[in-house]
Amino acid sequence: MHRFANPARFLRIAALIQPWSVAVAVLALGAGLWFSLFASPADYQQGETVRIMYIHVPSAWMGMFCYTAMAVFSAMALIWKHPLADLLARATAPVGAAFTFVCLVTGALWGKPMWGTWWVWDARLTSMLLLLFLYLGYMALADAFDDPERGQKAAAILALVGVVNVPIIKWSVDWWNTLHQPASVVKMGGPAIDAAMMVPLILMAVGFKAYWVVVLILRARAEIAGAKLRTLRMAQIHAAGQLEQPRAEQGGS
Amino acid sequence: MTRKQRRLYFVVLGLLAVGAAAALVLTALKEDIVFFFSPTEIVEAKVPTEGRRIRLGGLVETGSVVKEGASVRFTVTDGAHAVPVIYAGILPDLFREGQGVVTEGRMDKGTFQAAEVLAKHDENYMPKEVADSLKKSGQWQGDGGKTPEAAK
């Protein structure tokens, strides 16, 4: 794992993965949208409204997946002081926040016709809203210090504390009675969802994950390039300062 | 012990402590986190109902939906006990006999005066044809209730 902490090696590997992840994202999302909107059956109870699920459920998975990834990167950054791990955690946060937001909005749009309400304060919905606030808090905290390293450290600790919320979201529907239905895909006794509806769901989930890899690589490359630029500028200023110094001394004497 | 190991143990211990704290808080607040009470809890008076706005959840008993003018009467059951409910308002699309519902309101002389009725969806997703063939072959385990005339 420590081998990948070297930015030069990371960039080489990232350049190899990038075209593949773009291809997987485009193909999986293209096929996934086709299946979700046209080539899958309507539900026996929900009718066409079931199609919201193909965006809603993979978004919810992404919200939890990105947060877990962010917490793992933050732990690596805190324990082994890998600057790259910090960078990847920060790059993951907005992706996870966006998908969590999409999950909450699509859930509300589904809830109005099906349940009869946009929002209720049950355990699943509330813990998902808390996840969004954790993302926003993480991003705000990481940028709240003049010294970026201190911000990173504080935000990494917040990410680790907040990770207890992830299992709470997953099992909230089993631990407490909620308005939200229990899990359909990852549950004991196999999925309770028809195979024809599973296809678009899995395609969308794969496409979203590949999208995250693409964004992660793009942001990491941009950040590494930015860091290089800063180092070069600092060196330039430093060199200019050294040139000016003797002249100033001459003028003073 | 190197500094890296010390930080590793610190992070692991911290996570365990936070996890334990969350578990304790959630166990202590169990009664407040549940979204609704079952008919059994209300009939056996396990929860204070007098003058309190509460939520009652369960299945709409088959054959219990009766329309009376602007309001509708039905019974919410969990298999063991049942509570009669009266409600005046628009029912959600998924409301039907045998379907899960969550109603919010007050208990009044043994009848639940609902101010709001929400339909609860289950975790089963299938096309209409699959549901029909399951019903035909007698393997149907869901509610299978048809929308009662009164709820239309």
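Domain bounds here come from an automatic or database domain assignment. On that basis, chain B is divided into domain 1 (3-32) and domain 2 (35-151), and the C-alpha centres of these two domains of chain B lie 39 Å apart. This is a predicted model, in which local features need pLDDT of at least 70, side-chain atom pairs count only at pLDDT 80 or more, and totals for chains, interfaces and linings use all residues. Residues are numbered from 1 along each chain as its sequence is written, while chains are lettered from A and ligands numbered from 1 in the order in which they are written.

**Where the chains meet**

- The contact takes 34 residues from chain A and 32 residues from chain B, where two residues are in contact if their C-beta atoms, placed from the backbone, lie within 7 Å.
- On the side of chain A that touches chain B, the elements giving two or more residues are α2 (53-80), α3 (83-114), α5 (148-162) and α7 (195-252) of chain A. Helices (H or I, at least four residues) and strands (E, at least two) are DSSP runs, numbered from the N terminus.
- α2(A) gives the most to that side, with four residues.
- By type, the residues of the side of chain A that touches chain B divide into 24 nonpolar, seven polar and three charged. Here Ala, Val, Leu, Ile, Met, Phe, Trp, Tyr, Cys and Pro count as nonpolar, Asp, Glu, Lys and Arg as charged, and the others, Gly among them, as polar.

**A helix pair across the chains**

- The axes of α2(A) and helix α1 (residues 3-28) of chain B come within 8 Å and cross at roughly 140°. The axes are lines fitted to C-alpha atoms, for helices over the stretch in contact, and angles run from 0 to 180 degrees between N-to-C directions.
- From α2(A), Ala75(A), Leu78(A), Ile79(A) and Trp80(A) meet Lys4(B), Arg7(B), Leu8(B) and Val11(B) of α1(B).
- The residues of this contact of α2(A) with α1(B) divide into six nonpolar, no polar and two charged.

**The nonpolar core**

- The largest nonpolar core has 93 residues, and those with the most contacts inside it are Cys66(A), Met70(A), Ala89(A), Ala159(A) and Val101(B). α2(A) gives the most to this core, with 19 residues.
- Such a core is a set of buried Ala, Val, Leu, Ile, Met, Phe, Trp, Tyr and Cys residues joined through C-beta atoms within 7 Å. A residue is buried if 20 or more other C-beta atoms lie within 10 Å of its own, exposed if 12 or fewer, and partly exposed in between, with C-beta atoms placed from the backbone.
- Leaving aside its neighbours within four places in sequence, Cys66(A) is in contact with Thr92(A), Val95(A), Gly96(A), Phe99(A) and Trp212(A).

**Strands of chain B**

- Strand β1 (residues 54-60) of chain B has six of its seven residues buried, so it is largely enclosed by the rest of the structure.
- β1(B) pairs with strand β5 (residues 100-108) of chain B in the antiparallel sense over six bridges; two strands pair if DSSP finds at least two bridges between them. In β5(B), Gly105(B) is the bridge partner of Ile54(B), and Val102(B) is that of Gly57(B).
- Two bridges also join β1(B), antiparallel, to strand β3 (residues 71-77) of chain B. Here Val60(B) stands opposite Val76(B), and Leu59(B) has Thr77(B) as its bridge partner.
- Strand β2 (residues 66-68) of chain B runs antiparallel to β3(B), joined by three bridges. In their hairpin, which has two residues between the strands, Gly69(B) takes a positive phi near 60°.
- β3(B) and strand β4 (residues 82-88) of chain B pair in the antiparallel sense over seven bridges. Four residues lie between them in a hairpin, and Gly79(B) in the turn has a positive phi of about 95°.
- β5(B) and strand β6 (residues 111-120) of chain B pair in the antiparallel sense over nine bridges. Lys109(B), in their hairpin with two residues between the strands, takes a positive phi near 50°.

**A loop residue to look at**

- Gln181(A) lies in the loop between α6 (165-175) and α7 of chain A, and counts as partly exposed because it has 18 C-beta neighbours inside 10 Å.
- Beyond its neighbours within four places in sequence, Gln181(A) is in contact with Val173(A), His121(B), Asp122(B) and Glu123(B).
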